[in-house]
Amino acid sequence: MTLAPSITFQGQASIEGRQLFAPLTLCLDAGRWTCLLGGSGVGKTTVLRLMADLPTGADFDGSIVATDGLPVVDRVAYMAQDDLLMPWASVEKNITLGAQLRGQTVDVVRMERLITRCGLQDHRTKKPSELSGGQRQRVALARTLMEDKPIVLLDEPFSALDAQTRAAMQNMAAELLQGRTVMVVTHDPGEAARLGHAIQVMTPAGLTAVTPPTAAVPRAVDALETLTCQSQLLTLLMGQAA
Ligand SMILES: Nc1ncnc2c1ncn2[C@@H]1O[C@H](COP(=O)(O)OP(=O)(O)O)[C@@H](O)[C@H]1O
Ligand SMILES: [Mg+2]
């Protein structure tokens, strides 16, 4: 894996001439987690997909630049809000899809480790239709982690998980993605408070930075500063919804 760069996103987007979001600047620090919170429809997925150089319904006027000057797109692992699993393929095949599509040898040791870490041992031969929503999401997460990229963009990666599995998967992702430049879109203030080295709240008017707790990531769910940050974020989001 190459070194994880910082990335600066600058620009505005519109859909059919209507502004989706005002000009904004979002800096992802190298090797750090940036959490992007915001109400539904505010444009979080659009920002993430623009970062990954994927199609959106929006016209983008701006730039996405890595500090090392190298292209971003070749170095990104992206996890979509919908799991986008291949319905005909087993869990194992879905997790290793990237290598298969590129005609590369599958790193079986890495796959096995991720299957275990994601709690999918009993499901490896199943098709997506035989899995629960939470299991499907863990397959999509494992597939993203399988890619071993320096830039990782995750769109609500833990949203379908029950509370205890969510906390466990957050811990695992924080461990395995150490040193990567990570951006997580989330609806969950508690998740941002646990995982964000930087936290940004998005509204149609732009971004508001919220100071994260000082403890190392992943932060304890019951630490006072985690809970304080969580309630600060929830209050901010509720104010925006009002
Ligand atoms: N492919 C598309 N075509 C037209 N409009 C879209 C498309 N994708 C998203 N939108 C619209 O853009 C807005 C922002 O969407 P999105 O980025 O998915 O928001 P978020 O992830 O914050 O919920 C929404 O109003 C949505 O309806
Ligand atoms: Mg979204």
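The legends below accompany close-up views of a predicted model.

**View 1**
Six strands make up an open sheet of mixed pairing, arranged in the order β5-β6-β7-β3-β8-β9. At the edges stand β5 (76-79) and β9 (206-210), each of which pairs on one side only, and the twist from one strand to the next averages 20°. Within this sheet, strand β3 (residues 33-38) and strand β8 (residues 198-203) run in the parallel sense and are joined over five bridges, with T34 having A198 in β8 as its bridge partner.

Helix α1 (residues 44-51) lies across β3, β6, β7 (181-186) and β8, and its direction makes an angle of about 155° with β7. Helix α5 (residues 133-146) lies across β5 and β6, where it runs at about 175° to β5.

**View 1. The largest nonpolar core.**
The largest nonpolar core comprises 54 residues, and those with the most contacts inside it are M51, A142 and L153. Helix α5 gives the most to this core, contributing six residues. When neighbours within four places in sequence are left aside, M51 is in contact with I7, F9, I64, V72, L153 and M183.

**View 2. The surroundings of I151.**
I151 belongs to strand β6 (residues 151-155), and it counts as buried because 24 C-beta neighbours lie inside 10 Å, where 20 or more are required. Apart from neighbours within four places in sequence, the contacts of I151 are A4, I7, V72, R75, V76, R180 and T181. Between I151 and S6 there are 145 residues of separation in sequence, yet their C-alpha atoms are 9.1 Å apart in space.

**View 3. The shell around ligand 1.**
Ligand 1 is surrounded by I15, L20, G38, S40, G41, V42, G43, K44, T45, T46, T56 and G57. Sorted by class, this shell consists of three nonpolar, eight polar and one charged residues. Helix α1 gives the most to the shell, with three residues.

**View 4. The hairpin of β1 and β2.**
Strand β1 (residues 7-15) and strand β2 (residues 18-28) pair in the antiparallel sense over eight bridges, and Q10 stands opposite T25 in β2. The two strands form a hairpin with two residues between them, and in the turn E16 has a positive phi of about 50°.

Note on methods: Residues numbered from 1 in each chain as written. Chains lettered and ligands numbered in written order. Predicted model: local features only at pLDDT ≥ 70, side-chain atom pairs only at ≥ 80, totals over all residues. Core = buried A, V, L, I, M, F, W, Y, C linked by C-beta atoms within 7 Å. Buried ≥ 20, exposed ≤ 12 C-beta atoms within 10 Å, placed from the backbone. Helix = DSSP H or I, 4+ residues; strand = E, 2+ residues; numbered from the N terminus. Contact = placed C-beta atoms within 7 Å. Near = placed C-beta within 6 Å. Nonpolar A, V, L, I, M, F, W, Y, C, P; charged D, E, K, R; others polar. Pairing = 2+ DSSP bridges. Axes fitted to C-alpha atoms, helices over the stretch in contact; angles between N-to-C directions.
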